[in-house]
Amino acid sequence: MGTREAEQYEYLASELDAYTHWFAAPDPYSGGFFLAFTLFAEFSDTARTARDMTASFLRGAGADQIVGDAQLVVSELVGNVVNHAMPDHRLARPGGCRRIDVTFKMWPKWLFIGVADEDSTPPMLPVGESFAPQLAGELSEAVLPDSGRGLLIAQRLATSVWWTPEDKGGKTVWCRFDLDGGSEGEPLP
Ligand SMILES: Nc1ncnc2c1ncn2[C@@H]1O[C@H](COP(=O)(O)OP(=O)(O)OP(=O)(O)O)[C@@H](O)[C@H]1O
Ligand SMILES: [Mg+2]
């Protein structure tokens, strides 16, 4: 096996390992850290509460180093529910608030963050970059797009970003941060 093949094999094995830990129900004796809470899109302090809960969870789990990045990503994902989510007809409550279910799972070296809403419409995850980073550096803010940056920021800061449909309707947007020397934000080998 060549060096590149060995690297690709190692990369795929580590991705599969991470996927297994995201997908599997956590073992209560595994020493992981978990938190789930519900916010409501119509409340004025929703984004701030999400950021505060993120910091408190990560500091409690000893992952201070990713507090800033995780807070920014959570802010963007929660902001997206506030700005874009329209609950499926059968989940909408007349005059009711829109639910945002936030989940954190840190176990053992990956942090998974899920932000769920009641809208089955998928998020429009950016494919590729609108501007090469070196070109974007030369451009003034004025010519860069005013929106469509949130998920791009999440993709840049987290190792991966994806979404899953929920059985009852709605979806969850997920992201994963790799801890202790993981390949945060690095491209595929
Ligand atoms: N939770 C969501 N529910 C429904 N649609 C979503 C959701 N999140 C994102 N989208 C869709 O994906 C698009 C891209 O999201 P993104 O966060 O990248 O940009 P934006 O929210 O439009 O702008 P910005 O984040 O820069 O203010 C959104 O415009 C919206 O159409
Ligand atoms: Mg957004």
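**Terms put to the test**

Tutor: Start with Val74, which is found in helix α3. Keep in mind that this is a predicted model.

Student: Why is Val74 called buried?

Tutor: The cut-off is 20 or more other C-beta atoms within 10 Å. Val74 has 23 such neighbours, so Val74 counts as buried.

Student: Which residues does Val74 touch, leaving out those up to four places away in sequence?

Tutor: Ala50, Arg51, Thr54 and Ile113. A contact needs C-beta atoms within 7 Å. Take Thr54: its C-alpha atom is separated from that of Val74 by 7.7 Å, and the two residues are 20 apart along the chain. The 7.7 Å is a C-alpha separation, whereas the contact cut-off applies to C-beta atoms.

Student: What makes a group of residues a nonpolar core?

Tutor: Buried residues of the listed nonpolar kinds, joined through C-beta atoms within 7 Å. The largest such core here has 30 residues. Ala70, Val73, Val78, Ile113 and Val115 have the most contacts inside it.

Student: Which elements each supply at least two residues of this core?

Tutor: Helices α2 (46–60), α3 (67–84) and α5 (150–157), with strands β2 (99–106), β3 (110–117) and β5 (171–178). Helix α3 gives the most, with 6 residues.

Student: What does Val78 touch, not counting residues up to four places away in sequence?

Tutor: Val78 touches Leu39, Thr46, Ala47, Ala50, Ile100 and Val115.

Student: Why is α1 called hardly covered?

Tutor: Count its buried residues. Among the 21 residues of α1 the count is 0. Strand β5 is mostly covered, with 6 of its 8 residues buried. For the chain as a whole, 22% of its 189 residues count as buried.

Student: How do you know that the span of α1 is close to the expected one?

Tutor: Helix α1 covers residues 3–23, and its first and last C-alpha atoms are 30 Å apart. The expected span is 1.5 Å times one less than the number of residues. For 21 residues that expectation is 30 Å, and the model's value is close to it.

Student: What makes β3 and β5 a pair?

Tutor: Pairing needs at least two bridges. β3 and β5 are joined by 8 bridges and run antiparallel, so they meet the definition. Asp117 stands opposite Lys171 in β5.

Student: How do you know that β4 pairs with β5?

Tutor: Apply that cut-off of at least two bridges. Strand β4 (residues 160–165) has 6 bridges to β5, again antiparallel, so these strands pair. Thr164 stands opposite Thr172 in β5. The hairpin of β4 and β5 has 5 residues between the strands, and Gly169 there takes a positive phi near 105°.

Student: What pattern does the chain follow along the sequence?

Tutor: The order is α-β-α-α-β-β-α-α-β-β, with 5 helices and 5 strands. Among contacts between residues at least 6 apart in sequence, 70% join residues at least 24 apart.

Methods. Residues numbered from 1 in each chain as written. Chains lettered and ligands numbered in written order. Predicted model: local features only at pLDDT ≥ 70, side-chain atom pairs only at ≥ 80, totals over all residues. Buried ≥ 20, exposed ≤ 12 C-beta atoms within 10 Å, placed from the backbone. Helix = DSSP H or I, 4+ residues; strand = E, 2+ residues; numbered from the N terminus. Contact = placed C-beta atoms within 7 Å.
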